[in-house]
Amino acid sequence: FLPAGERDFSHLAAAIMDAPPHRLDIVEAFIDAGASVSDVGLYRGEGRQGTDTFFPLFIAAQENRVDVARRLINAGANPNQARTDTGATPTFIAAQNGHIEVTRFLCSEAGADPNQGRTDVGATPTWIAAQNGHIEITRVLGSEAGADPNQARTNDGATPTYVAAYEGHVEITRFLCSEAGADPNQALTDNGTTPTFIAAKQ
C-alpha cells in the first residue's frame, strides 16, 4: 500500500490496486464484508499538483483485472461511473491501456456506454484507442459495441479517424472508414482540417 497521506482510497479500491493478480479472494472478502463498490477515493502522488479521483471499477479496468471487474459488476457497480475530475470511465481507461478483454466485458456484458466521453475534452474510448494505435480495441468498440466512429472531441472536433490519421495508424484509419462507417471528411471545428488533409501532410 502507498504511504499514509498519499492515498485516500477505500479499502476495496486499495485492495484491487495492491493485491497480487491471483488473489481475487482478497477483493471478494471486502465485498462480502459490505465494502462499497462505488466509493470515490483520492490519490495524491509524489510531486503531483492537486488530486486524482479513482473508484474500484476504474482501478480494475486500469489494472486489466477482468475477474475483479466482473465481481464488481455482479455486486452492483455502475459500468458508466466516471472520474469526477476528468470524466474518464472504466471503458476509457481500458481502451487507453489496450486491455481488450476488459473493454469487451464492460461493453458487451456489463452494459457500459462505448460513446461516453470525458467531461474535460470529450474524448471517447474509440478516440483514445485510435490515438494509441490499439486496432483490436478499436474493432471491439466499433464492430461489437456499436460505438459511433464520428463522435468527436468537444474541444476541437477531432474524430477518431482524424487522430488515427495524424498518428499514422493506417490499419485503424482503414477500419474506421471502410468498416465502421466513419466520415473521412469530418473536419476539426477549430481550423477545418480534415483527416485526408492531415494524412497527406504527414
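This is a predicted model: local features need pLDDT of at least 70, side-chain atom pairs count only at pLDDT 80 or more; totals for chains, interfaces and linings use all residues.
**The overall picture**

The protein chain has 11 helices and 2 strands. Going along the sequence, they come in the order α-α-β-β-α-α-α-α-α-α-α-α-α. The chain counts 202 residues, and 45% of them are buried. If you look at contacts with a separation of 6 or more, 66% of them link residues 24 or more positions apart.

**How the helices pack**

| Helix pair | Angle between axes | Axis distance |
|---|---|---|
| H2 (residues 24–32) and H4 (residues 66–74) | roughly 15 degrees | within 10 Å |
| H8 (residues 135–144) and H10 | roughly 10 degrees | within 10 Å |
| H9 (residues 160–167) and H10 | about 155 degrees | 8 Å |

Take H2 and H4 to begin with. Their axes cross at roughly 15 degrees, which makes H2 roughly parallel to H4. The crossing is right-handed. On the H2 side the contact uses Leu24, Val27, Glu28, Ile31 and Asp32, while H4 brings Asp67, Val68, Arg71 and Leu72. Sort those residues by type and you get 5 nonpolar, 4 charged and no polar.

H10 turns up in the other two pairs in the table. With H8, the axes cross at roughly 10 degrees, so H8 and H10 are roughly parallel too. H8 makes this contact through Ile135, Thr138, Arg139, Gly142 and Ser143, and H10 through Glu171, Ile172, Phe175 and Leu176.

With H9, the angle is about 155 degrees. An angle over 145 degrees counts as roughly antiparallel, and that is how H9 sits relative to H10. This crossing is left-handed. Pro160, Thr161, Ala164 and Ala165 of H9 meet Ile172, Thr173, Leu176 and Cys177 of H10. The residues in this contact divide into 6 nonpolar and 2 polar, with no charged ones.

**The core, and a helix tucked inside**

In soluble globular proteins, nonpolar side chains tend to end up buried together. In this model the largest nonpolar core takes in 49 residues, and the ones with the most contacts inside it are Leu12, Ile16, Leu57, Leu72, Leu106, Leu141 and Leu176. Helix H3 (residues 56–62) gives the most to this core, with 5 residues.

Leu72 is a handy place to start clicking. Besides being part of the H2–H4 contact, Leu72 touches Leu12, Ile16, Ile31, Val37, Pro56, Leu57, Ala60 and Ala77, with neighbours within four places in sequence left aside.

Why does helix H5 (residues 90–97) count as largely enclosed by the rest of the structure? Because 6 of its 8 residues are buried. Those buried residues of H5 are Pro90, Thr91, Phe92, Ile93, Ala94 and Ala95, and they pack against H3, helix H6 (100–109), H7 and H8. Just after H5 comes Gly98, with a positive phi of about 75 degrees.

Most residues other than glycine have a negative phi. You'll find Asn64 in the loop between H3 and H4. Is Asn64 buried or partly exposed? Its relative accessibility is 40%, so Asn64 counts as partly exposed.

Thr126 lies in helix H7 (residues 125–132). Anything under 20% relative accessible area counts as buried, and Thr126 comes in at 4%, so Thr126 is buried. Leaving out residues up to four places away in sequence, Thr126 touches Thr138, Leu141, Ala147, Pro160 and Leu176. Among these partners, Leu141 and Leu176 are on the list of residues with the most contacts inside the largest nonpolar core.

Thr194 sits in the loop between helix H10 (170–178) and helix H11 (195–201). Which residues does Thr194 touch, not counting those up to four places away in sequence? They are Tyr162, Pro184, Asn185, Gln186 and Ala187. Thr194 and Asp183 are 11 residues apart along the chain, and their C-alpha atoms are separated by 9.8 Å.

Conventions: Residues are numbered from 1 along each chain as its sequence is written. Side-chain values use heavy atoms; hydrogens and water are left out. Axes are lines fitted to C-alpha atoms, for helices over the stretch in contact, and angles run from 0 to 180 degrees between N-to-C directions. Helices (H or I, at least four residues) and strands (E, at least two) are DSSP runs, numbered from the N terminus. Angles under 35 degrees count as roughly parallel, over 145 as roughly antiparallel, 65 to 115 as roughly perpendicular and the rest as oblique. A crossing is left-handed if the near helix is turned anticlockwise from the far one by less than a right angle, and right-handed if clockwise. Contact means heavy atoms within 4.5 Å. Ala, Val, Leu, Ile, Met, Phe, Trp, Tyr, Cys and Pro count as nonpolar, Asp, Glu, Lys and Arg as charged, and the others, Gly among them, as polar. A nonpolar core is a set of buried Ala, Val, Leu, Ile, Met, Phe, Trp, Tyr and Cys residues joined through side-chain atoms within 4.5 Å. Buried means under 20% relative accessible area, exposed over 50%, partly exposed in between (1.4 Å probe, protein chains only).
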